[in-house]
Amino acid sequence: MYDWLAEALAGDRHSVVTANLRLARILKQTYGEQQHAKDVLVWKTPEIHVWNHWLSALLDSADDSAGLTSRLNAQQSRVLWERCIREEVDKSIVDIVSIANLGRMARDGWARMHEWNLSVDECANAATGQDQRIFARTVIRYRKELNANDWLDTATVPAVVCELLAAGQLLAGERLTLCGFDRTTPQVQSVLDALVATGTEIVMRQHGAAKDQVLFRCENRAAELRAAGAWAAATLRKDPSLRIAVVVIALDNNAAQSGRLLREGLAPGWQYGGRQRAAAVNLSYGRRLSEYPAIHAGLLLLRWLVGDIAGTDISVLLRSPYIGIGPAHGRSRLELQLRNWPDRQWSPGRLLRALRGRDATADAVDWLARLAKFAEFRDAFDSISSPSEWAGSVDEVLTAINWPGELALDSADFQLLNRWRELLNEFAQLQIVAPRMSATTAVSRIASMAGETLFQAEAEGAVLSVMGPLEAAGMEFDCLWIAGLGADDWPPQGRPSPLLSRQLQVKHQMPDSTPQDTADYARRVLDRLRASAPTCCLSYAASNADQKQLASPMLADLEEQQGPADPGWHAVQLLDRVALLTLGDPAPPLRDGEIIIGGAATINRQMSEPFAAFAHGRLAIRWMQAFTAGIAPSTRGNLVHEALFRLYEHLPTHKEICAWDSAELEKRIAVAVDQAFERQERHADSVLRQLFKLERRRTQALLASVVAVDRERSAFAIGAVERSLEGQLGPLRISLRGDRIDELDSAEILILDYKTGATKKFLTSGEPSDMQLVVYACITDRSVAGLGLFNVDSKMTAIDGAGPAISEDDEWQTTLERWKQQVVDAANDIASGDVRVSSIQDGRDARPLNLLSRFPELQREL
């Protein structure tokens, strides 16, 4: 392959120019391999460049008399465009439309103008809509900025090259070979004509005619790509030296999924082989730099330098392996603590005060120490500086926080970090168009650049290249598969420039100006792809998003046939090959000294779902609290519980409660609410404080309703609130905490449990709906006259329960003893290692523990 390359570079002043960077890189690699094959040990670096880089190199060769000016790179040009747009567009529109998106569109429109040699006046005169007129005015402003500062940008460089070539001020080569150009724009043709006028020979590389080709019809897109991967594997087994590629139409729509499907066919089970197995497929379409976890964590830190961030973002920083030291056990506990608080906007200082002293593990202490240093950086970060100074400050801050952590870096990681450093260098170069900027603007610009920069590490050991149709321009392969050639996707939808008059685009035959132009270009691209390999497989999915489709009309010359067999998902194949074995793996009985977590809740789970009791009580599994905007229902309930505890903590009698006048009651409630809310409000931001103010009023009203219910009851004295109870429950040693125990005149007690959510009934069909209070009754040595749920809600506050203290019940003691025995039996089952899975629970309830309980599999076996 590329047999023409040696001849194209045979002379000292011979160059090869490509349409894209990927092709230039491959040609350089191929040239080196060709020299090695000739046993050449040392050779001159070949003059192989992508078009824009070649133009810049050509300008650099100009003699001193040319008086060349500064050249703006893409990012510098983007900043200048955004500045011109802000100055031109009405402020009311600026508030609605993203300046960044407008800047990108304007830069692309400017480039399209120059590619087709359109003048500013011509574009302005042809403008029809408001957007086009605004663009025309912005173009005039942008051009004035370039002229006033003697700047060139990428779009204007070719015209200057033509002028200097005509003046004899540039050293043109003897031969220029162009490769990978599907469309030669008037601008490119102008440069080529100027080169010819100086005596340069122009060679345009074209592929030959298509050879061995076949068109496959596949069931759907997933089957198509898996089959393509399997085809590549079979082809490589015959000859591992072959260069094989898969071109996927519309790859940018879902590149990651396409890569996974191809790996399924190429290397079944690739998920189990680590990064090296996944690297067998070299996916040309990268991810946004900001989507890589290490970069995402770094950008979060930068955002935190200029503003507060939410708890969900703090969670990422606490769990990230790219910050601080590892392992992150202590930081994970800090993250769990963070989840227990209402989500808010956290400053570094506020978070430091909230978390300090809560975990003594080395990694947690280190993280908090770095956070304190980070807070100092933030205090000094509010200033106006140059981009180069900001780039240095950003690097200093990230280093201080120990970013990117202590993980061992492989080649892909090093490439990622190098690309990040390149991005910071590109940001520092913005100084030419933005000499000074605020910290907020600097961080926003860096984040924007990272969000627009696509990165793909160069894979080592890749055997299959995957790319889009334009990226494959000029490339040669031994075998090629082109996937996605359904009528819905090829030819692709046209995308004319929205900022240039459609009539003007049609007049100059610009890209996608007419459906015919789109179709003609698509045919040229497809013909080029079909001729780029001796063996070419083309395919389409017969079903696209549940809709039937045919092959592209551009494949009418081929007779389609059923595609290769879909290898399917590797995991499904394992089920067919390996018999599932049921292993005898019972849970062990309770060991001496083993602690059961969850107290009464674990006993309650055992009554309905033994496996859940085992998972939570013995394996100590617990659910993570989700971050909640505002005040979570659980937090609201805890606040009411805490306020009731504070109200009754001095254990008043019924008589004393009735004796409180309205002023004293109001004061007692206010004090109780203050004490309950103080800890939560300590680190609240301004929004959360307003919510807590509303919640205070609700809680005060609820406490008043509890007092009203207590005043209507018969005589009692509050004997305990939030008392810890510990005792033996069969073979289990169990610890509990009771909300409230009332002493009755009969020397018996009434056990109450506050319920602050929806109103709950203690009995359902004569049996307790929740055995928690029965567990309390088992532990205490006092005679129990009643068990009750004290529902505390804005709709209704009342006690619902059983026993003579609440309602007449002649069989109470017999009934209570029966319930107690059920609790003891449940405790014995827990101690014996009971892990039965309830078959009557629904899938939603079972789902959280499915991986452990295998509930779906067991249900299917019933």
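A cavity is a set of grid points where a 1.4 Å probe fits but cannot get out, and its lining residues have an atom within 4 Å of a point. The structure described here is a predicted model.

**Cavities and a pocket**

The count comes to 3 cavities of 30 Å³ or more. The largest cavity has a volume of about 60 Å³. Its lining consists of Trp341, Arg344, Trp346, Arg358, Arg679, Gln680, Arg682 and His683. By class, these are 2 nonpolar, 2 polar and 4 charged residues.

The second largest pocket holds about 1000 Å³ of space. It is lined by 41 residues, and those closest to its centre are Arg275, Arg287, Tyr292, Ala412 and Gln456. Two or more lining residues come from each of helix H12 (255-266), helix H13 (274-278), strand S9 (281-283), helix H14 (293-306) and helix H20 (411-428). H20 gives the largest share, with 6 residues. The lining of this pocket divides into 22 nonpolar, 10 polar and 9 charged residues.

An α-helix has 3.6 residues a turn, so residues three or four places apart point the same way. After H10 comes glycine 199, with a positive phi near 105°.

Helix H18 (residues 362-379) has 18 residues and reaches 26 Å from its first C-alpha to its last, close to the 26 Å expected at 1.5 Å a residue. Buried in H18 are Asp363, Ala364, Asp366, Trp367, Leu368, Leu371, Phe374, Ala375 and Phe377. The cover over these residues includes H14, helix H15 (311-319), helix H16 (329-339), helix H17 (348-355) and helix H19 (387-400).

**Cysteine 536**

Cysteine 536 is part of strand S18 (residues 535-544). With a relative accessible area of 1%, cysteine 536 is buried. Leaving aside residues up to four places away in sequence, it touches Asp212, Gln213, Val214, Leu480, Ile482, Leu529 and Arg530.

**Backbone details**

| Residues joined | Omega |
|---|---|
| tryptophan 403 and proline 404 | about 10° |
| tryptophan 490 and proline 491 | near 5° |

Proline 404 is in the loop between H19 and H20. Proline 491 lies in the loop between strand S17 (479-483) and helix H22 (502-507).

Positive phi values also occur in residues other than glycine. One of these is tyrosine 2, with phi near 50°; another is alanine 747, with phi near 70°. Tyrosine 2 lies in the segment before helix H1 (5-8) and is buried, with a relative accessible area of 1%. Alanine 747 sits in the loop between strand S22 (732-744) and strand S23 (749-755). Its relative accessible area is 53%, so alanine 747 counts as exposed, the cut-off being over 50%.

Technical notes
Residues numbered from 1 in each chain as written. Predicted model: local features only at pLDDT ≥ 70, side-chain atom pairs only at ≥ 80, totals over all residues. Heavy atoms only, no water. 1 Å grid on protein atoms, 1.4 Å probe; cavity = no way out; pocket = protein on both sides within 12 Å on 5 of 7 lines; lining within 4 Å. Points joined across faces, edges and corners; volume = space filled by probe spheres on them. Nonpolar A, V, L, I, M, F, W, Y, C, P; charged D, E, K, R; others polar. Helix = DSSP H or I, 4+ residues; strand = E, 2+ residues; numbered from the N terminus. Buried < 20%, exposed > 50% of the residue type's maximum accessible area, 1.4 Å probe, protein only. Contact = heavy atoms within 4.5 Å. Expected span 1.5 Å × (residues − 1).
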